[in-house]
Amino acid sequence: MKTIGFIGTGVMGASIVGHLMDAGYEVNVYNRTKHKAEPLINRGAVWKDTPEEIAASSELIFTMVGFPEDVEEVYYGENGIFDGIRPDTIVVDLTTSKPSIAQKIYETAKQKDAASLDAPVSGGDLGAKNGTVTTMVGGDESVFEEVKSIFMIFSGTLELQGPAGSGQHTKMANQIMIAGTMTGLTELLVYADAAGLNKEKVLKTVGGGSAANWSLQNYGPRILKEDYSAGFFVKHFIKDLKIALEEADRMGIELPATKKAKALYDQLKDDGHGDEGTQALIRLWWKDAE
Ligand code: NAP
C-alpha cells in the first residue's frame, strides 16, 4: 500500500484526506497554515514541515492548493516537491489550475523518473465531504490505471480525458457551464422575488423540471437561508473564469456569456465578498443581504 502525501488541507483537501485515512492509508500532510491540518493530525495524519519533506516520504503525492501561483510554489519553490521527489513517485494536482502548468509538471516529473497527473475535481464542499467528487484526469493511461482505485475512494465519477493538461481543460469546460448555472440561479431568484412568488416553492418546482441543475439544488437553499459562507470561494471562481477566458482567447474562440459572468463576479469581489461562496452573487441585487 502506498504512503500518500497531501499538500493543501483546506475546504476540499481536508475532506479528501479524511476519506483516504478512512480507507486505511497512511497520509503525510502539509499546509501553509498548520492549524488547518490539526484535526487531521489529531486523527493520525503525519505532519511534514515542507513540500520537499512530503516528497521525500511519500510514494503518491496529492496537491490541492488555491491558485496556479500556489501550485508553482509547492512544486518548484524553495523546499518544493521537485527538490525532494524520488524516482517512481506519482504526483497528482487536484487544484483547479492552468493546463500549461499541468504540462510543465508532467515534463519535470518525467525528467526526474517520476510521473504526474492533473486531476481537478467538481462537486463542491459537499461532494468532497461525501467522497463523491467528479474527477477529470489528464496524463498517461498507465499512471492513471495505477492510482485509479485511490481516486475512487473520493470520486463518484472518474475519467481519463487525455494527455497532460486535459483534466484542467475539462474542468474549464465545467466552469463555463457553472458560470451559466450560477448566473441563471441568481437571476431566477431575483425575478421570482420581484414577482412576489414563494421562492422556496419556485426552487422546488423548477428544480423538478428542465431547469434542474446542481447549483440550483445546492446553492438555492443556502441563498434563501442567507448563508453566503464558502463552499466554493468567489476568489477561486474568478481565478477559474480567468483561466478559461485566457485559454479561449488562445484558441481563438469567443465566450461572451462567460465573460459577463466573470465581470459580475469581479464586481462582487470588488465589493469585498471574494472570501464568500459563489452563491453570494445575489448580493449584487439584494444589497441589504446580511
Ligand atoms: P482552500 O480552502 O483555500 O484550500 C486551499 C488550501 O491550500 C489552504 O488550506 C491553503 O493554506 C493551502 N495552500 C495554498 N497555498 C499553499 C502553499 N503555497 N503551500 C501550502 N499550502 C498552501 O480552497 P478549497 O476550496 O479547498 O479549493 C482548493 C482548490 O480546489 C482550488 O483551486 C479550488 O478552485 C478548487 N475547487 C474547489 C471546490 C470547492 O467547492 N471548494 C470545488 C472544486 C474545486 P492556508 O490555510 O494557508 O490558506
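Helix 1 (11-22), helix 4 (68-76), helix 7 (124-130) and helix 12 (234-251) each contribute at least two residues to the shell around the ligand, and helix 4 gives the most, with three residues; helices here are DSSP runs of H or I with at least four residues, numbered from the N terminus. The model is predicted, so that local features need pLDDT of at least 70 and side-chain atom pairs count only at pLDDT 80 or more, while totals for chains, interfaces and linings use all residues. Residues are numbered from 1 along each chain as its sequence is written, and side-chain values use heavy atoms, with hydrogens and water left out.

The ligand is surrounded by 27 residues, of which Met12, Asn31, Thr33, Gly66 and Lys239 are the closest, a residue being near if one of its heavy atoms lies within 4 Å. Because domain 1 (4-162) and domain 2 (169-284) both supply residues to this shell, the ligand lies between them, the domain bounds coming from an automatic or database domain assignment.

Among the polar contacts (pairs of N or O atoms within 3.5 Å), an N or O atom in the side chain of threonine 33 is 2.4 Å from an oxygen atom of the ligand. An oxygen atom of the ligand likewise lies 2.8 Å from a polar backbone atom of glycine 66, and one is 2.9 Å from a polar side-chain atom of lysine 36. Of the 890 Å² of accessible area that the ligand has on its own, the protein covers 95%, as computed by the Shrake-Rupley method with a 1.4 Å probe.

Conventions:
A polar contact is a pair of N or O atoms within 3.5 Å; within protein, one must be able to donate a hydrogen and the other to accept it, and residues adjacent in sequence count only if both atoms are side-chain atoms.
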